[in-house]
Amino acid sequence: MPKIKSLIWYLNNPKYLGHALRVLKSKVSKIEHSRIEAVDWASSISISNSEFCKKHQIELRVFKEDKSSRYESSKSLADAVDFGMGGAGNIDLLYSIVMQLKPQKTLETGVSYGWSSLAILEGFSSLEQRLVSTDMPYVGMGNDDAVGVVVPEGLKNQWQLIRDEDKRGLPKALELFDGKIDLCHYDSDKSYHGRMFAYPLLYEALNDGCWFISDDIGDNIAFKDFCKAKGIEPEVIVENGRFVGAFRKNV
Ligand SMILES: C[S@@+](CC[C@H](N)C(=O)[O-])C[C@H]1O[C@@H](n2cnc3c(N)ncnc32)[C@H](O)[C@@H]1O
């Protein structure tokens, strides 16, 4: 039944047919099933949010405590449209990095309810800072209106949401920043092939010294492979059993 629902969704949304083909292809690819190897590797080098922040002299802040009333009102908005969409990334980490490093141009992939977008926007301290996010809706869910629902109107003047899949959305997003970004948060297509398409584009665009953060790197071995190919020594942060990969470009 869910497969039929997805098929109908793709037929009603033909611009995503290319995505359907890539999903089918990835089902038979062995490398997509590298979770055990990825988790073993990530576990072997992972540190907590607080260890990571201490190491990089970033003040670790707890979003829910700093912005308690915003958190509560956004939670009510998310509860009201509960679609069972993907949960929030490591928002304390993102919020802390943004608060401290004040990136001008932030690009994130994958929005869902918009918790990471909210944390980034709330971390901004100047009107010059901008966030561009890309997101395609969950296949077959009919959740288009709920994407980014936790972000209040008052924060949207510094935010642009591109509703498209990474293949088309990322080049559009990068164009809005003239091809250069100061912070990247990857949290959309978690497949090996999806990451291997997006990581190089985002890496190229990232300015030297800036942070690249990728969520759920325990899903498969893509983050490790990408870092190895580029000669990057990555760091891994674990919170609530989920692994986030991070590195600073050319540092
Ligand atoms: C885990 S959720 C994002 C959570 C969000 N970053 C947060 O922390 O609150 C992943 C989102 O990425 C979207 N997505 C998945 N594959 C995608 C693709 N190929 N292109 C664009 N968006 C995609 C999903 O539909 C979903 O909205």
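## Ligand shell

Around the ligand stand 20 residues, of which Gly89, Ser116, Asp135, Met136 and Asp187 come nearest; a residue counts here if one of its heavy atoms lies within 4 Å. The shell divides into six nonpolar, seven polar and seven charged residues, with Gly counted as polar and Tyr as nonpolar.

This is a predicted model, in which local features need pLDDT of at least 70 and side-chain atom pairs pLDDT 80 or more, while totals for chains, interfaces and linings use all residues. Numbering runs from 1 along each chain, and side-chain values use heavy atoms, without hydrogens and water.

## Polar contacts and cover

Polar contacts are pairs of N or O atoms within 3.5 Å. A polar side-chain atom of Asp187 is 2.7 Å from a nitrogen atom of the ligand, and one of Ser116 is 2.8 Å from a ligand nitrogen. Trp115 contributes a polar backbone atom, 3.3 Å from a ligand oxygen.

On its own the ligand has 610 Å² of accessible area, and the protein covers 93% of it (Shrake-Rupley method, 1.4 Å probe).

## Aromatic pairs

The count of aromatic pairs is 15, for ring centres within 6.5 Å. In one of them, Tyr186 and Tyr199 have ring centres 5.2 Å apart and planes at 75°, so the pair is edge-to-face (over 60 degrees). Because Tyr186 lies in strand β5 (residues 181-186) and Tyr199 in helix α10 (residues 192-205), the pair ties together parts 13 residues apart in sequence; helices (at least four residues) and strands (at least two) are DSSP runs.

Notes. Polar contact = N/O pair within 3.5 Å; in protein donor to acceptor, adjacent residues only side chain to side chain. Phe/Tyr/Trp six-rings, centres within 6.5 Å; stacked < 30°, edge-to-face > 60°.
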